[in-house]
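Here are my notes on this model. Please read them with the structure open.

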Amino acid sequence: MAAQSSPIKSNARDAEPAERPSLTLKRRLNAAPEKVFAAWADPQKLAQWFGPGSVEEGSVKADIDLRVGGRYRISFNAKGTYNEVGGVYREVVPNQRLVFSWAWHSTPERESLVTISMQPEGSGTLLTLTHEQFFDQAACDGHQRGWNGALDKLENYLA
C-alpha cells in the first residue's frame, strides 16, 4: 500500500519571526543640534552625562570612532557593578542622526539597534531616541528606565 501524503497547511504569518520589542523616547532640549550631537560624539562630553541615574560619578569611560563602520565602547559602574556596552556606527549625519548597534559585553549575542535623531526646534532641538530589536520585553523595559535616566542627565548637562 502506497503512503499518502497530506498537504501541510501553512500560514505566512506563522513563518515570520515575532516582532521584537522597541521603544521611542522624545525630548525637547534647550540646545542647538550641534551641541546635542557633540554630547553624543565627543567621548569627554559623553562621559559627563551618559548612563542611568545609578551611575557612579566619574566612572563613565568612552572610546568613540565616529564614522560609518567605526566602533564605540562605553563603560561605567552602577550600584557597584561594572557595565560595558559597545557597537558599530551604521549611520553618521552630523548634527542630525546617529544609528549604531548596541550590545552589552555580558550578552553580545543580544545585539539591538539605536537611532538618535536631532531636529531643530526653535532655539533648541527635538531629540528622538529609538531603541529596537530587543531580546525580550524585560530588556526593553530596563532600557527604557536607563535611557530616561540618561536623557534626564543629558538635559541637565546641556542646560
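1. A polar contact is a pair of N or O atoms within 3.5 Å; within protein, one must be able to donate a hydrogen and the other to accept it, and residues adjacent in sequence count only if both atoms are side-chain atoms. S101 supplies one: a polar atom of its side chain lies 2.8 Å from the backbone nitrogen of V88.

2. The model is predicted: local features need pLDDT of at least 70, side-chain atom pairs count only at pLDDT 80 or more, and totals for chains, interfaces and linings use all residues. Residues are numbered from 1 along each chain as its sequence is written, and side-chain values use heavy atoms, with hydrogens and water left out.

3. S101 sits in strand β5 (residues 97–104). Strands (E, at least two residues) and helices (H or I, at least four) are DSSP runs, numbered from the N terminus. S101 is buried, at 2% relative accessible area. Buried means under 20%, exposed over 50%, partly exposed in between (1.4 Å probe, protein chains only). Contacts (heavy atoms within 4.5 Å) of S101 include Y72, G86 and E111.

4. Helix α4 covers residues 137–158. At its start, a side-chain oxygen of D136 comes within 3.3 Å of the backbone nitrogen of A138.

5. Buried residues of α4 include G146, W147 and A150. The buried residues of this helix pack against β1, α2, α3, β5, β6 and β7.

6. P52 lies in the loop between α3 and β2. P52 is partly exposed, because its relative accessibility is 23%. P52 touches F76, G146, A150 and K153, leaving out residues up to four places away in sequence. P52 and G146 are 94 residues apart in sequence, yet 4.5 Å apart C-alpha to C-alpha.

Methods:
The expected span of a helix is 1.5 Å times one less than its number of residues.
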